[in-house]
Amino acid sequence: MARVVFQHVTKRFGTVVAVDDLTLEVEDREFLVLLGPSGCGKSTALRMVAGLEEPTEGEIVIGDHVVNDVDPKDRDIAMVFQSYALYPHMTVAGNIEFPLRSRRVPAAQRKELVDAAASALGLEGLLDRKPSQLSGGQRQRVALARAIVRRPQVFLMDEPLSNLDAKLRVQTRAELIELQRRLETTVVYVTHDQVEAMTMGHRIAILRDGVLQQVGAPQDVYARPANLFVAGFIGNPPMNTIAGKVVGDDGGLAVGLPGARVPLPDGIVAAVRNAGVEEVVIGVRPEHLRLDAGGIVPATVTVVESLGHERHVACRLDDGTLVIVRQPSDQAAPSVAGTVHLATDAQHLHVFDAASGDRVGAP
Amino acid sequence: MSAELAGALQPGFRNFLLGVAAVVTLSAALAVAGRFVPPRPAAAFRTANRYVLLTVLALIVLFPIYITVLNSVLQPNEIIRRPPTLAIWPWEADWSGYSQAWDQGDVSSYLLNSAVVTVLIVSGQLVTSILAAYAFAFLEFPLKRTIFVVFLATMMVPFEVVFFTNLQTVATMGDWPVVGDHVGLDTYGALAIPFLATGFGAFLVRQSFLSLPRDLRDAAALDGYGHFRFLTRVAVPLSRPAIASLALFSFFSAWNQYLWPLVVSDDKRTVQVGLRQLRGVALDQINVTFAGTVLAALPLFVLLLAFQKQLVRGLTAGAVKG
């Protein structure tokens, strides 16, 4: 078991910077999710841990050793690929056994280990099949079995669920969480799916254009996004963001929004004053907005989507900004094209600097 | 009148007309009964046309083979008779031509020489092609593209262009210490060495290697397999179709060589050169030459029948990636 550390790691492909000065520590036995849109450098970061790419600058540490110059096979890691990367000409047993053969594990012990890995993932009956005879979910589990069979210090997973259908994905998600707990292994997991990140990770590290945006427990990242990018990336539907100007208001501060003026809560006022920002973006999660006759921001309903247990009401403010309100389905649905008023509680307001996108106020 | 006309016609033609009349009447009757659905006439006609064309082509291709086999079991005087006896099937086959070709004509030793040389060439081409293909597909090195293009360019150079250079080289190699006796003129080495590597083989196998997912290479690296073991355990087994095609092609071209063996071999004659010799030895026994020809072609027939699929795949290799 081991920690994984990125120390000022940069990776360039020609002039393209894939990972930019990444410093991040994955603790022993932690399940850390690298999250970001495609092309953000998360897979490159993972491949550097695996040794499939060399960092241009910086150091990668596994356990207590800098591994920059260590061969992939000597890093004591295992990787699960998005494509599963099973060897098509070998049986399931042959695939699981493959990493043991290269390490010259004796045949009897090999069989024992393969059987153990296969039964851990429910593959007992499939050992003689070829990958082409398996379903996507089964192939996925063979790839996992091949990874766990030699008990590596660190698991690397590169979007392992993205080739599964939605239902199977939810089920496998739970199985992976359980597997990690049982094996007590460090996992670095790459995904672009924020639901996977929220449900699986002990912590989430969000990358954008190779730059680390925020690291934290899923709930912390959700509740206190460090910038507009994280605010928009985590959560479905994403956080509503409305641009406005800071104005004085009875000794406090308020933000002028289209059709209304929203006073800022006391906790943020000092921070906004210190930062000296004038142009800000106000963020509110859809579930923190209410349709309330007493609300201060007027809006026009454009679409009402019913999901059964709740409703998503899309509204436009006077300046055309789209805002989504999450409404419990036991409340009365607003009529489309009707005018509503939006309300929220002060503690749910997030304030971002419009110029830099960074959160204003304590992180 | 019609009876007279019918009587005047050849009996065969009359029967034909009667047959046509019967078919027309029958179809008309069925159509009237409403049960006859003609199989879309245009499509049926096209299919029929296609089959006729293919049959004609097949006959054209097969005719020389048929004549060769037929003549190999006829007596020499039957072969040269004019006009020829058009035997469809040689009911009184005379197989002595085969035993004569095998024993007195030395076809047995020619076949052995051909077999040895062909095995050398095929295995040499497989090894060099697979190794070169691996380098071009999986390794990074300076001038990779340029070198590959040069490799391909060798396919455009006809063998005749480098014929004398090769001849000179092989002749010189005969003076080399230790190995000289195995690589100089009139040795198996001389017959095989110029053909041990081909640009075509490297190209064919490289295309197949390139179609392997990159993840497999990465997974093997993590599983502890270096280049050589990845090549032997993963890349080669997964590229078996392309490699089989290459083996077949190189077998055919090696087996059918004529000019090079004719010049560099004397005792170690291959079968194609030997056939020519056979004709010189037994002028009055042309059936022996035919028998030798059939013997020389036999291994190719067997391979062709056994590996048709690979051959076709090899012909279209590289046309569609994957």
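**Entry 1: ground rules.** I start with the term cavity: on a 1 Å grid over the protein atoms alone, it is a set of points where a 1.4 Å probe fits but cannot get out, and lining residues have an atom within 4 Å of a point. Grid points are joined across faces, edges and corners, and a volume is the space filled by probe spheres set on the points. I note that this is a predicted model, in which local features need pLDDT of at least 70 and side-chain atom pairs count only at pLDDT 80 or more, while totals for chains, interfaces and linings use all residues. Residues are numbered from 1 along each chain as its sequence is written, chains are lettered from A and ligands numbered from 1 in the order in which they are written, and side-chain values use heavy atoms, with hydrogens and water left out.

**Entry 2: cavities.** How many cavities of 30 Å³ or more does the structure hold? I find two.

I took the second largest cavity to begin with, and its space comes to about 60 Å³. Its lining includes Ser114(B), Val117(B), Leu191(B), Trp255(B) and Thr270(B). Helices H6 (107-138) and H14 (240-255) of chain B are the elements that give two or more residues to this lining. (Helices, H or I with at least four residues, and strands, E with at least two, are DSSP runs numbered from the N terminus.) H6(B) gives the most, with four residues. (Ala, Val, Leu, Ile, Met, Phe, Trp, Tyr, Cys and Pro count as nonpolar, Asp, Glu, Lys and Arg as charged, and the others, Gly among them, as polar.)

The largest cavity has a volume of about 70 Å³. Residues of both chains line it, among them Met79(A), Phe81(A), Arg146(A), Leu222(B) and Asp223(B). Strand E6 (77-80) and helix H4 (136-148) of chain A, along with helix H12 (214-222) of chain B, each supply at least two lining residues. The classes here are seven nonpolar, no polar and three charged.

**Entry 3: salt bridges.** I use the rule that a side-chain nitrogen of Lys or Arg lies within 4 Å of a carboxyl oxygen of Asp or Glu. That gives 22 salt bridges over all chains.

Arg203(A) pairs with Glu30(A), with the closest N and O atoms 2.5 Å apart. Arg203(A) sits in strand E9 (203-208) and Glu30(A) in the loop between strands E2 (16-26) and E3 (31-35) of chain A, so the pair ties together parts 173 residues apart in sequence. For burial, I call a residue buried under 20% relative accessible area, exposed over 50% and partly exposed in between (1.4 Å probe, protein chains only). Arg203(A) is partly exposed at 21%, whereas Glu30(A) is buried at 5%.

I then went back to two residues of the largest cavity's lining, Arg146(A) and Asp223(B). They form a salt bridge, with the closest N and O atoms 4.0 Å apart. Arg146(A) is in H4 of chain A and Asp223(B) in the loop between H12 and helix H13 (227-238) of chain B, so this pair joins two chains.

**Entry 4: backbone.** The peptide bond from Asn236(A) to Pro237(A) is cis, with omega near -5°. I place Pro237(A) in the loop between helix H8 (228-233) and strand E11 (240-249) of chain A.

Which residue in the loop between helix H5 (96-103) and H6 of chain B did I check? Asp106(B) is the one, and it has a positive phi of about 65° although it is not a glycine. Asp106(B) is partly exposed at 37%.

Asp186(B) also has a positive phi, of about 60°, and is not a glycine. I find Asp186(B) in the loop between helices H9 (180-183) and H10 (188-192) of chain B, partly exposed at 21%.

Definitions and conventions:
On a 1 Å grid over the protein atoms alone, a cavity is a set of points where a 1.4 Å probe fits but cannot get out, and a pocket is an open set with protein on both sides within 12 Å along at least five of seven lines; lining residues have an atom within 4 Å of a point.
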